[in-house]
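Hello,

Here is the structure I promised to pass on. My notes follow it.

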Amino acid sequence: MHNSDRFKIPLGPQHPALKEPEGFSIALMGEKIMGLDIRLGYNHRGIEKACEERNYLQALYLVERVCGICSHAHATCFIQAVEEIAGVQLPRRAQYIRTLIAELERIHSHLLWLGVAGHEIGFDTLLMYTWRDREIVMDLLALVTGNRVNYGMNTIGGVRRDISPEDIAEILKGVDILEERTKYYIEVATQETSIIQRLSGVGVLTKEEVLRLDAVGPTGRASGVSRDVRRDDPYAAYGEIKFNVITDDHCDVYGRTVVRVKELMESYSIIRQCLKNLPEGPLTVKVPRKIPAGEAISRYEAPRGEDVHYVKSNGGEKPERVKIRAPTLANIQAVKQMLKDRYLADMPIVVAAIDPCFSCTDRVISIAEPKKDNRVISWETLRNYGIDWYTAHGIDFTELNNKFRKKLERV
Amino acid sequence: MSQEENITQSLVSQFGFLEGNIRITRPRRIFLETSLENFPKVFAHAVKELKFNHLCTITGFDELDKLAFMYHLAQESGVLLNLKTSVSKDNPTINTVMPLFPGAEIYERELVDLFGAKVNGLPLGNRYPLTDDWPKDQYPLRKDWKPSQLDEKEGHTHA
Amino acid sequence: MAGTLFSILIFPGLLFLCIAGLIFEYVDRKAYARLQNRVGPPWFQPFADFIKLLGKENLMPCAANPTMFNLAPLFAFASVVTVFLYIPLWQTKSSFSFDGDIIMILYLLTIPTLAFFIGGWYSTSLFARLGSVRAVTQLFAYEVPLFMSILASALLADSWSLQKIAVYYAQHPAYCLFNSVGFAITLITLLGKLEKAPFDIPEAETEIVAGPFTEYSGKLLALLRLTIDIEMVAGAALVVAVFFPFALMFSPVVGFIVFLIEVLVVVLLLSLLRTIIARLRIDQMIDFCWKWLVPLALFQLLLNLILKGALS
């Protein structure tokens, strides 16, 4: 380290800039990035394998937990594939409700991103403002679905909850407020000098590079690649709704910001159309008890880009194969390109600009079981596992535990 | 004639052996299977001539004595071409598609880690997604793999 | 002797400064929070943080140089506390004063940054080292316009003694207006000195964790944080003394209150600035200082030179 003119900085697996564990190792010369090494996989949880061990309905709830932010995206994408195999035609009302939740989720995700972007460039005020407003859409989601995240709205052949006229009124009210606020953010993002200074010209990814590296979602659209599954391969109710695919030709982080804030405006319009044209009718259709053999691939435009789920059924209780490709996996490979010859200070915002979601990315495997053939770990086992681990590493909590126990007994 | 049929026609006229191996399951979805030696031709043709210029992902399958791989290619129009090929488990070697899709690197690494495929032409780099100390010859997405195998191999000491 | 000791240790020295520092930290944090639409901390939060940190274990990396690691915060602390003794608070006399003390004050205010550099460098952590280098790089950018704008004010008052400068402006309050450019520059560069947004580059959390302070914990961290708080008060007090020392126009008690209000205004201005601007990159920061602030400071110097001729 002393002799070389290059610093090697580890960003992650644990680092304040990353909200999830992922390893970036950066070779630095002064402030300049000379090389970048990405190590993914820290969040690998074995979801694809686990899906093969569960029936379709159980798998649906598992898949919903691939990611906390775009949970509806994964659940819908998965269930669309299953429904296609089963040959089910969804009731229109269910399609509209799915679309509605999808757009509410997009709003929540984009507002979250805007705040995180602000934080990454040291502009916490933006973070505080956007996250305050994000509460409005979180409340709406809680109102409609009962949950702030992991909505659990989908079921095979429809949706689980209806929306009442009162809900519709509430949503419209919330959307009006959000639209006002978003106009303000568009103004801030496009006019505030220090933000523009930090964002423009940073993390450049040309149109050719987007096509070459298969970048998806706002990352691609900000480089002028008009690619949006909602329009190209319509699902749910998107075929019946008018909206614009936002593109921008700045090709940098600034462009990605502009695309996202403008997409917010589109989402408001989509929600209004959904609510205005909400068809009457049942929420679910009857689905054959057994999913027939077959395969289907489903695409979905998640807030971060194209989400792909492939499901193969062998006619049994459980899916034969489930494959999940989250948008971040497609985009993470572009990060190396974006960081070429940039400064260390650009690193957090460039990584953040693809709106990475490493939980999504890493889905699959590694079940470390303290005891064999003991799938469900009881609280006691987990606790003992922790104690053993620390004792093995020379940290003994026995005394503290005893003290604690005594205290508990007294109470 | 629909665009899916157009694509099918074009493929069959170019490659006679594909006749009967192409299925259109619904609008915008084409599934097709080909042997390993014919795969590069068909793949290159689809990408270059038919403008399937977006690789969504690669799905691996464990089919008893074979490993199968499905390449999901998308067109601007929204049509998805799902190209499947398979290889014997004894020597599961395939060629990389990185010359056409540099972004495929991570998908292929996944096949290496989770299915034990060997990919010719894949550059050196970090493995993904498994840990560096993952035991050799254990491929979690193969059907015969059980989490308990991991414990046996590691002897699980918790430390 | 007893009087000297009293002024060093109790008022306006150590004890007063520690309390003032923590109170103004609260003001800064609360204002920052309110401007961001948050509730903000209760009034005792800085005290609670300080006491909590004092009770924590001191950890040091094995590879660190213990002498440098432990001494750096002390140096920083001592220098900022000393600064305050030279600032005229509410009477025409500061606790200590001599001709040329303003130069010394400016140098004393530089010591914390250098101490942070040494502490960060010798803690051997990558993040700390990178932060240290950034802190010093930044120092060379903001120090020049800061010195120039303060010296411009001294030039007009025709004295190198802070006390005499203050007296001069107290006698001619209207002249303060001439220094408004210098005041703005000082305020901005003070943000750099205090390492607050947009110049919090050395401790940019999302890039290099906590910069020079990454490896500090426990009592030393408490001391470092207190140092920065006192630096803020001392910096604000310096701005008040140089640019609008109106406290000297009143009786001691009223004057002291006026002084505190003025310091409060400066602190609030600092909070406002850091609320509304995003963190710059180090190259942008240096560009900004040399391309904008230095020419403006030169302009201020020139203006004061001309004014001095015209007024005498």
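The axes of helix 2 (residues 14–35) of chain C and helix 10 (residues 218–243) of chain C come within 8 Å and cross at roughly 85 degrees. Axes here are lines fitted to C-alpha atoms, for helices over the stretch in contact, and angles run from 0 to 180 degrees between N-to-C directions. Helix 2 of chain C is therefore roughly perpendicular to helix 10 of chain C (the word covers 65 to 115 degrees). Helices (H or I, at least four residues) and strands (E, at least two) are DSSP runs, numbered from the N terminus.

Among the residues that meet are C:Leu17, C:Leu22 and C:Phe24 in helix 2 of chain C, and C:Leu226, C:Ile230 and C:Val233 in helix 10 of chain C. Two residues are in contact if their C-beta atoms, placed from the backbone, lie within 7 Å. This helix contact divides into nine nonpolar, one polar and two charged residues. Ala, Val, Leu, Ile, Met, Phe, Trp, Tyr, Cys and Pro count as nonpolar; Asp, Glu, Lys and Arg as charged; the others, Gly among them, as polar.

A word on the source. This is a predicted model, where local features need pLDDT of at least 70 and side-chain atom pairs count only at pLDDT 80 or more, while totals for chains, interfaces and linings use all residues. Residues are numbered from 1 along each chain as its sequence is written, and chains are lettered from A and ligands numbered from 1 in the order in which they are written.

Next, where chains A and C touch. Chain A gives 24 residues and chain C gives 23 residues. On the side of chain A, helix 5 of chain A supplies the largest share, five residues. By class, that side has 14 nonpolar, five polar and five charged residues.

Helix 4 of chain A also deserves a look. Helix 4 has 29 residues and reaches 41 Å from its first C-alpha to its last, close to the 42 Å expected (1.5 Å times one less than its number of residues). Of those 29 residues, 27 are buried, so helix 4 of chain A is largely enclosed by the rest of the structure. Buried means that 20 or more other C-beta atoms, placed from the backbone, lie within 10 Å of the residue's own. Just after helix 4 of chain A, A:Gly122 takes a positive phi of about 70 degrees.

Last, chain A as a whole. Its secondary structure comes to 16 helices and eight strands. Of its 411 residues, 51% count as buried.

Best wishes

Notes:
A residue is buried if 20 or more other C-beta atoms lie within 10 Å of its own, exposed if 12 or fewer, and partly exposed in between; C-beta atoms are placed from the backbone. Angles under 35 degrees count as roughly parallel, over 145 as roughly antiparallel, 65 to 115 as roughly perpendicular and the rest as oblique.
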